[in-house]
Amino acid sequence: MGKETTPSETEWLVMEVIWQSDGDITASEIISSLKDSLKVSARTIRVLINRLLAKGVIRYEVDQKDARIYHYYVVKTKEECLAEKQERFVRNYFGGNSTLAVASFIEKSNLSDEQFQELEQMVEKMRKRQERLDRA
């Protein structure tokens, strides 16, 4: 099994702050944004930031006026991270069988008629998109 390259559950909270920022964000700004929702120390948040750097999900640039300040920015979009998480989940828990994964979620959910209709519309939309791709 390869090295994990997507944010863990706690790291995801840090990423949400970074994804919502326009451009870049400092560690102090991340800590300030998370102080009420994430009950951990500033030091722990800095550790999470370093883990995200090691995973290649974010990068930083040193502030031109103050070398002690780093400006963090995303390398992987939220959509890219979600796709990687989904692929890994399906591979690890469903032997790579996407159909089995989807069926399992649907079976365990209490979906309303409206939600089933929504799913049917999504499947039909995906089917049509795939048909267009196949013809191209």
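1. A polar contact here is a pair of N or O atoms within 3.5 Å, where within protein one atom must be able to donate a hydrogen and the other to accept it, and residues adjacent in sequence count only if both atoms are side-chain atoms. The model is predicted, so local features need pLDDT of at least 70 and side-chain atom pairs count only at pLDDT 80 or more, while totals for chains, interfaces and linings use all residues. Residues are numbered from 1 along each chain as its sequence is written, and side-chain values use heavy atoms, with hydrogens and water left out.

2. Lys-76 sits in the loop between β3 (70-74) and α4 (78-94), helices (H or I, at least four residues) and strands (E, at least two) being DSSP runs numbered from the N terminus. The side chain of Lys-76 comes to 3.1 Å from the backbone oxygen of Thr-5.

3. Is Lys-76 buried or exposed? Lys-76 has 14% relative accessibility and therefore counts as buried, the term meaning under 20% relative accessible area, with exposed over 50% and partly exposed in between (1.4 Å probe, protein chains only).

4. In the largest nonpolar core, which has 20 residues, Val-14, Ile-30, Ile-49 and Ile-58 touch the most other members; such a core is a set of buried Ala, Val, Leu, Ile, Met, Phe, Trp, Tyr and Cys residues joined through side-chain atoms within 4.5 Å. Two or more residues each come from α1 (9-20), α2 (27-34) and α3 (42-55), and α1 gives the largest share, 6 residues.

5. Val-62, in strand β2 (residues 58-62), is partly exposed, with a relative accessible area of 40%.
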